[in-house]
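Colleague: I would like to learn how to read a model like this one, feature by feature. Could we take the general idea each time and then the case at hand?

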Amino acid sequence: MLDAGAAKCFAAFQADSLAGFAWVAFGNITGEMNHDGKPETGLPIQLVDEAAFVFQVLVLPAYRGRRLYAAILSQMADQLQDNGMHTLVLTTEGSNQNALKAVQRMQFRKVGQASFFRIGPLSRATYPTLPNDIGFTIGRYVGDDTAAHSS
């Protein structure tokens, strides 16, 4: 999925115990890396050189409610900025209210909302019109076959 050196993991520990972690990747992000557990919801992202994609974030239950997510991302942003990265990009499942509140508290800029919905053979995908200055573009959902049917 990723070339060597195309991702880094940032972790937080309490004594010798892992409390949480977040991965960050660079370059072109495949839909396999950005989905909500269902492969068809994979959404590819193409990053500019100065941007990084945050994915696979987890704070273990015993450490939740302590703003650890923000602490991990703050440390990540500081280290990445020292290496020329100026933009962090992340996607959040629309029903994950805790994550949505956390990224809002961290003052991430919401630039759009994409959605994919399927019932049996019927599906619907929506994509935002993104500003030009955000440091990334998005592709189509892996499961969105509407492009194959339009002409």
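Colleague: In which sense do β5 and β6 pair, parallel or antiparallel?

Modeller: Bear in mind that this is a predicted model. As a general idea, the strands of a sheet pair through backbone hydrogen bonds, either parallel or antiparallel. Here β5 and β6 pair in the parallel sense, over four bridges. Within that pairing, Phe53 stands opposite Val89 in β6.

Colleague: How many bridges join β2 to β5, and in which sense do they run?

Modeller: Five bridges join β2 to β5, and these two strands run antiparallel.

Colleague: Which strands make up the open sheet, and in what order?

Modeller: Three strands form an open sheet, in the order β3-β4-β9, with antiparallel pairing. β3 and β9 (136-138) are at the edges with a single partner strand each, so one side of each has no neighbour in the sheet. β4 is joined to β9 by three bridges, and Ile45 stands opposite Ile138 in β9.

Colleague: Let us turn to the helix. How far apart are the end C-alpha atoms of helix α1?

Modeller: They are 21 Å apart. The 15 residues of helix α1 (residues 68-82) should span 21 Å at 1.5 Å a residue, so the two values agree.

Colleague: Which residues of α1 are buried?

Modeller: The general idea is that an α-helix has 3.6 residues a turn, so residues three or four places apart point the same way. In α1 the buried residues are Leu68, Tyr69, Ile72, Leu73, Met76 and Leu80. Viewed down the axis of α1, these buried residues fall within an arc of 130°, so they line one face of the helix.

Colleague: What do the buried residues of α1 pack against?

Modeller: They pack against β1 (7-14), β2 (17-25), β5 (51-59), β6 (87-90) and α2 (97-105). Take Leu73 as one case: leaving aside neighbours within four places in sequence, Leu73 is in contact with Ala22, Val54, Leu88, Leu90, Met106 and Phe108.

Colleague: Is Gln75, by its accessible area, buried or partly exposed?

Modeller: Gln75, also found in helix α1, is partly exposed, because its relative accessible area is 42%. The C-alpha atoms of Gln75 and Thr146 are separated by 41 Å, the two residues being 71 residues apart along the chain.

Colleague: Now the core. Which residues have the most contacts inside the largest nonpolar core?

Modeller: In soluble globular proteins, nonpolar side chains tend to be buried together. In this model the largest nonpolar core has 20 residues, and those with the most contacts inside it are Val24, Leu68, Tyr69, Ile72, Leu73, Met76 and Leu80. At least two residues of this core come from each of β1, β2, β5, α1 and α2. α1 gives the most to this core, with six residues. Apart from it lies another core, of 11 residues, among them Ile29, Phe53, Phe55 and Val89.

Colleague: What of the loops? Where does Thr41 lie?

Modeller: Thr41 lies in the loop between β3 (28-29) and β4 (45-47). Thr41 counts as buried because its relative accessible area is 11%, and the cut-off for buried is under 20%. The side chain of Thr41 makes a polar contact with the side chain of Asp36 at 2.6 Å and reaches the backbone oxygen of Lys38 at 2.7 Å. Not counting residues up to four places away in sequence, Thr41 touches Asn34, His35, Asp36, Phe116 and Tyr141.

Colleague: Which backbone oxygen does the side chain of Asn34 reach?

Modeller: That of Leu43, at 2.9 Å. Asn34 lies in the loop between β3 and β4 and is buried, with a relative accessible area of 6%. Beyond four places in sequence, the residues that Asn34 touches include Ile29, Thr41, Ile45 and Phe53.

Colleague: One last feature, the backbone angles. What is the phi of Gln56 near?

Modeller: Most residues other than glycine have a negative phi. The phi of Gln56 is near 50°, a positive value in a residue other than glycine. Gln56 lies in strand β5 and counts as exposed, at 52% relative accessibility. Arg67, in the loop between β5 and α1, has a positive phi of about 60° although it is not a glycine. Gly84, which follows α1, has a positive phi near 90°.

Methods
Residues numbered from 1 in each chain as written. Predicted model: local features only at pLDDT ≥ 70, side-chain atom pairs only at ≥ 80, totals over all residues. Heavy atoms only, no water. Buried < 20%, exposed > 50% of the residue type's maximum accessible area, 1.4 Å probe, protein only. Polar contact = N/O pair within 3.5 Å; in protein donor to acceptor, adjacent residues only side chain to side chain. Contact = heavy atoms within 4.5 Å. Expected span 1.5 Å × (residues − 1). Arc of directions from axis to C-beta. Pairing = 2+ DSSP bridges. Core = buried A, V, L, I, M, F, W, Y, C linked by side-chain atoms within 4.5 Å.
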